[in-house]
Structure formats: structure tokens, C-alpha cells
Amino acid sequence: MGFLKGIINALADPRLFFILAVASLVVLVWKRERIAANSVGYGLLGVLTVFFVFGSFDPNFRLIVTKPDNVPIVGLIFLLVFFTWYSVREGVLNDRRIAAGKGPIEKEEADRVWVWPDLVYTEMISLIVCSVILIVWSILLKAPLEQPANRSLTPNPSKAPWYFLGLQEMLVYFDPWLAGVVLPSLIIVGLICIPYIDKNPKGNGYFTFAERKAEVTIFLFGFVILWVSLIVLGTFLRGPNWNFFGPFEFWDIHKLEALTNVNLAEYIWVRGLRTGQPTFWLTREIFGILLVLFYVFALPVILGKTWFKGYYQKLGAPRYYVGAFLFIMMMALPIKMLLRWIFNLKYIVAIPEFFFNI
Amino acid sequence: MADTKTVAPKEGAGTRLWNWLTETQVWKSIFRHDRPDTDRTRVLVMLSNVFLHLHPVRLRKSGVKLRYTWCMGGLSFFLFLSLTLTGLLLMFYYRPTLEYAYNDIVGLREHVPLGIMREMHRWGAHAMVITVWLHMFRVFMTGSYKPPREFNWSVGVIMLVLTLLLSFTGYLLPWDQLAIWAITVGSNMARATPFLGHEGPGASLLRLGDVPLIHAYDDARFALLGGSFVGEGALLRFYVLHCVGLPLGIAFLMAVHFWRVRKDGGISGPL
Ligand code: HEM
């Protein structure tokens, strides 16, 4: 038992957790034909259930999972795993039909039915089921209420509401101006832009994977991995001082994590050129600044001429550049994560004089 | 065309009661059409009922399938309605001041027998965040944001933001440790807003001679909280936004959203 818990604790380490999450997305996309089988879907739900039941015997696990405000996230995990699998499965089934020349199943369901009774009754049944669930949930689980607000008593950890924990997790890698302001704004803008950037006329109004491979994969990466899985990480695996704790680990306030992160400027001036860091910020940070400018402004152009040439031609310059910029901003997070994990890199550009750190 | 189904049971006391009821003067004064069991009356019920007229008269078969819509848009709407109702009831008990806020919540939990309004409101709010996300997920996976529905997707994104803000502003109201620290962590971000937050990049450039224009007492965070920390001002601001401003905003957008679902040709489907 202890051995198994040890393994799970080790696998839940943010680095492994993230890499495993990405790996499962890769497997989902790559092996989708196999994964579309019903047994896989039920199997996944079964494994999750077994995991939570098994975990609930552990006091540390129970403590964090049954915290009233965390209960919905347990639900979210089940729902999200199910619906991710389900939508890919529906896509695969339709792709098979399309390949056989039959058109997606939705095409067969194109004829009209009466709203009364077909829809009205479906709505009424959903409404009743939903009310029952909500009422039972409310009777079984009391809403939390802690000690009265006290500004001189900071809880450790201090966590934002759960739906923002993905953003709080980003604070490990980026300063607040990026993680808390710029990137969230870009998420909103980016979502709004999706329909105007995506010019692929196929896959409108039915599940499919084959006809929208890149779109679906990018969305799954952004939504399931970067948004939801970081929320799960932030909720269940981050304890006092935002340190990492495995699901079966005791939240020890005194746990110490060595912080040896190094700025790019130090790598270059001190360790590379061995001259010591210049005092003037522009000279000191010039490499980082050039790197960031290259990433944001030159990379989309270069990609548009090489790897993404097809997209550039299909979308035209304005759509391509907006899309590429948003994509590059999204990828900034995993890139910064990797840099941190591999090189202990703290900031690429560090100008604390202006609160400007990247 | 769909085969005709009879709504009322075919025979027995129930049918007789139903038939009698729907012939009374009172019933007929309320519902200006006959029982919806023929094509004609099924059209009429949709057109003459203010609540049902959001719907079309007929829709594509996939539109009623859980398989296709996951019912997540509908559930988001239902949860919104139930949150409005339970929220209204909570407003009877709750006063948004430092003196009363916490005690009113304690009172709700200790003195209201069988009270589950607070629970229904809180769990409903969490659930709505989840259903809205899953709704967006489904709309993406069926490609339903593609023309002609681009604009409705954008409206949806704004409603998603409003849903999160509703939840965020509500989180502060119980005025316990959980509340103020979650909001403190969340709103601290605002002080790092570029140019507009006093710890944001560029803010120190905005100055008149020696006088900084952006400081802790006039920056973006101050505007959000009505103070330099989560205190009385923030409580009132969040309360007003939570109970009036944001619900009005999202209700307005929902009207647009539903209207557009209809005008864009109903639930999406392959051409
Ligand atoms: C406050 C939250 C929301 C409510 C109450 C809501 C409600 C609904 C309802 C009832 C429908 C009808 C079909 C269905 O149930 O799937 C619908 C369709 C739609 N929604 Fe939402 N929605 C919300 C948020 C969003 C969000 C966040 C998005 C996208 C970012 C979105 C985009 C759409 C689109 C594009 C359609 C048309 C889908 C189709 O024709 O298949 N909505 N919405």
C-alpha cells in the first residue's frame, strides 16, 4: 500500500504530472481509433473511481478531496475525462462513416421533430434530474464557513477560488503582470478570435476529428491540459507556500524546497562571459530582450515561411499573424515550464527596476 | 416528419381529468390553444406561450439528443435561473457590512431549520462554472462556432467571463477567512496591471515630475476593491456587482445568445 502511494506521490510531481498529462493527450490523439471503444471509456471512469475509493482510505487524501469547495473539482475530473473521451469517440465514429461515404451521423438526424413534446419533455426531465442532484448535494454537503475574516491572519496556503487556480499555478513561472493580467486577457481575446481565425469550412455542426486535426488538438491542449489539469494540480497538489505535495502526502508547513533559480542574465554574464553583470539594466538584459522580441515578432514570420507555410497560404496574412501570435503566447507557458525544470531558469528578462520580469 | 405522439395518457381517469381540465373556462383563458396533440396545436403552443416561444416549433433531431448537445447550454441556463431564485432568498437575510455579513451567514446556517438555500446557491454556482465550460467544449468539438455562428460564440465567451466574475464576487460575501483571502489573492493581480497597477510594469513612468500618478491609492486594484485592501469598500462593491450589475449583464447577453441560436438557423448540424 505504502509503496503504491509512494509511486503515485512521485508521479504527481508537477513536472511528471504535466508531462503525463501531455503524454495522455498524445496517446488519445494518436491511438484514437482504439480509444474510441466503449470499453476504454468505461475503463477510464472505472480506474478513476477505483483511485478515488482507494484514496479515500488515506487520511491526507481524504482531507483535501472532501474539503467542501474541492468536491466540485472531483466531479469536474470525472466529467472532463468522460467528455474528452466521448467527443473524440464521436469524432472517430463519424470519421469512419465519412470515410465509408455515408456522411456524419448528424446528417441522418437532420429531419425535424416537434419541439412539443420531444424537446420540451427532454428539457423537463433534465431539469428535474438536475434539481434532484442539486438538492441531494445540498443536503449532504454543508457550505463551508471558516473563522470570521481577519486581515492579520494569513492562511497558508492562500488560494484563489478554484477556477482561477490554473492562473495561480502560472505564478510559479510568470510574474503577476503576465500570469494575472496579460495572459488571462489573451485567453479571452484568443477564445473570441477562434471563429474568425479558423477558416476550415469542414466539421461545422458534427463531431469529427479527421477533418479538423490541428484545431481539435490545439483546443484540447489549451483547455484540457493548460487550463483544467493545472487547476487540478493547483487544487489538490499545492500546499503551504505553494509547495508541491503528493495526493497522499501530509501538508507539512515546514517542507522546504530549494530555490536555486537563476536569471538568464546571470547565466550569460556571470557563468558564460565571466565578466559579472553590467549595472545598467539595458546592457544587462539585452540578450533576454532580444530573445523575447525574436520570439514574439520574428518567430511567427519565420514559422509562416517554413513549418506553418500551409497555414499562412490558407489563412492569409492577418488571420495567420493573429493566430500565430495567440498560439505563441499559449506556448509561452509550457516553454517557460520546461526552461524552469531543465535549466532552473527564473527570468528571461529581469528588470525589477520597472517591475518588468518575463 | 415525426410520427405523432399523444401527450396525455390514452384512457383512464387521468385522461378524463386532463380532458375535463383543459376544457374549463379558467384553463382556456390561460392557454389560448387546444391540447398540443395535433400538428396545428403543437405549432400554436409554441407561438402563444411566452416562455416556450424561445424555442422554434420544430428542430433537427440531433438538437434534442444528449449525444449532440450534452444539454450543457440548457443546464447552464437552468442553473442560472435557480441561482437567481436562491440568491433572491439569500438577500432577505444578508446585509453587506463588516458588522453583519459574517453573522448573517452564521444565522442562516444555525437558525434556519432545514435551510439549504446557501448550499443550493453555492453548489449551483460551482456547477454552473463547470456546465458552462463543458458547453463551450461541446460547441467547439462540434465546430458549432463556424459561420454563421461566430458572433454567438463571442457572446458566449463574454458570458463565460461574466459567470466567473459572478462566482468570484459571490465568494467574498460570507466574509470569512476563506472569502477574504481568496479575493485578496485574486485581486492582488490587479496591482500588477501594466501601467495601471502600482506594481505593474510601466506604472513608474507615469509621473508628473516627482509625483507618481499611479500608486496604491488610485490604481486598478483600488478601483476594483474600493480601497487599498479587501475591506468594507470591497464588500459593498462586490455585493452590488454580484446581486445587480453582473446578473443584469449576463441576462441581457443570454437574451442575445438565445435569439441568435434561433436566428443562426437553430442548433447546428451538417449542411
Ligand atoms: C452563461 C452561459 C451560457 C448559457 C446559459 C448558454 C446557453 C445556450 C443554449 C441553451 C444553447 C442551445 C444549444 C445547447 O444547449 O447546446 C446554446 C448554444 C450555443 N452556445 Fe451557449 N450558453 C452559454 C455560454 C456559452 C459559451 C461560453 C459559449 C462559447 C464560448 C457559447 C456558445 C454557443 C454557441 C456557438 C451555440 C450554438 C450551438 C449550436 O448551434 O450548436 N455559449 N447556448
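Let me start with one side chain: that of A:Lys159, which comes to 2.7 Å from the backbone oxygen of A:Arg238. The model I am showing is a predicted one.

Where does A:Lys159 sit in chain A? Its place is the loop between helix H8 (115-140) and helix H9 (165-170). A:Lys159 is buried and has no salt bridge. The nearest side chain of opposite charge belongs to A:Glu169, and that is 8.2 Å away.

The surroundings of A:Lys159 come from two chains. Setting aside neighbours within four places in sequence, its contacts in chain A include A:Leu165, A:Gln168, A:Gly234, A:Trp242 and A:Trp251. From chain B, B:Ala182 and B:Val185 are in contact with A:Lys159.

Now the charged pairs that do form. Side chains of opposite charge can pair when their charged atoms come close. Over all chains, a search of the whole structure finds 24 salt bridges. I will go through a few.

One of them links A:Asp58 and A:Lys5, with the closest N and O atoms 2.8 Å apart. A:Asp58 is in the loop between helix H4 (38-55) and helix H5 (59-65) of chain A, while A:Lys5 is in helix H1 (residues 2-11) of that chain, so the pair ties together parts that are 53 residues apart in sequence. A:Asp58 has 5% relative accessibility and therefore counts as buried.

Another salt bridge is between B:Lys146 and A:Asp198, where the closest N and O atoms are 3.5 Å apart. B:Lys146 lies in the loop between H7 and H8 of chain B, and A:Asp198 in the loop between helix H10 (176-197) and helix H11 (213-236) of chain A, so this pair joins two chains. Are these residues buried or exposed? Both B:Lys146 and A:Asp198 are buried.

Next, A:Arg284 and A:Glu285 form a salt bridge, and their closest N and O atoms are 2.8 Å apart. A:Arg284 counts as buried because its relative accessibility is 11%. A:Glu285 has 2% relative accessibility, so it counts as buried too.

Some salt bridges are linked to each other. A:Arg89, A:Glu90, A:Glu106, A:Glu109, B:Lys65 and B:Arg67 make up a network of this kind.

On to the ligand. How many residues surround the ligand? There are 26, and the closest are B:His135, B:Arg138, B:Gly156, B:His257 and B:Ser268. By class, the shell has 13 nonpolar, eleven polar and two charged residues. Four helices of chain B each supply at least two residues of this shell: H5 (72-91), H7 (117-141), H8 (150-172) and H11 (232-263).

For B:Ser268 the distance is 2.6 Å. For B:Arg138, a polar side-chain atom lies 2.7 Å from a ligand oxygen. For B:Ser144 the distance is 3.3 Å.

B:Ile214 is in the loop between strand S3 (211-212) and helix H10 (220-225) of chain B. Its relative accessible area is 16%, so B:Ile214 is buried. Not counting residues up to four places away in sequence, B:Ile214 touches several others, among them B:Phe195, B:His198, B:Leu206 and B:Asp219.

Then A:Phe297, in helix H13 (residues 281-305) of chain A. A:Phe297 counts as exposed because its relative accessibility is 60%. A:Phe297 and A:Phe325 are 28 residues apart in sequence, and their C-alpha atoms are 8.3 Å apart in space.

Last, chain A as a whole. Chain A has 15 helices and three strands. Its C-alpha trace spans about 75 × 60 × 40 Å along the principal axes. Of its 358 residues, 48% count as buried. Among contacts in chain A with a separation of 6 or more, 68% are between residues 24 or more positions apart.

Note on methods:
Residues are numbered from 1 along each chain as its sequence is written. Chains are lettered from A and ligands numbered from 1 in the order in which they are written. This is a predicted model: local features need pLDDT of at least 70, side-chain atom pairs count only at pLDDT 80 or more; totals for chains, interfaces and linings use all residues. Side-chain values use heavy atoms; hydrogens and water are left out. A residue is near a molecule or strand if one of its heavy atoms lies within 4 Å of it. A polar contact is a pair of N or O atoms within 3.5 Å; within protein, one must be able to donate a hydrogen and the other to accept it, and residues adjacent in sequence count only if both atoms are side-chain atoms. Ala, Val, Leu, Ile, Met, Phe, Trp, Tyr, Cys and Pro count as nonpolar, Asp, Glu, Lys and Arg as charged, and the others, Gly among them, as polar. Buried means under 20% relative accessible area, exposed over 50%, partly exposed in between (1.4 Å probe, protein chains only). Lys and Arg count as positive and Asp and Glu as negative; His and the chain ends are not counted. A salt bridge is a side-chain nitrogen of Lys or Arg within 4 Å of a carboxyl oxygen of Asp or Glu. Contact means heavy atoms within 4.5 Å.
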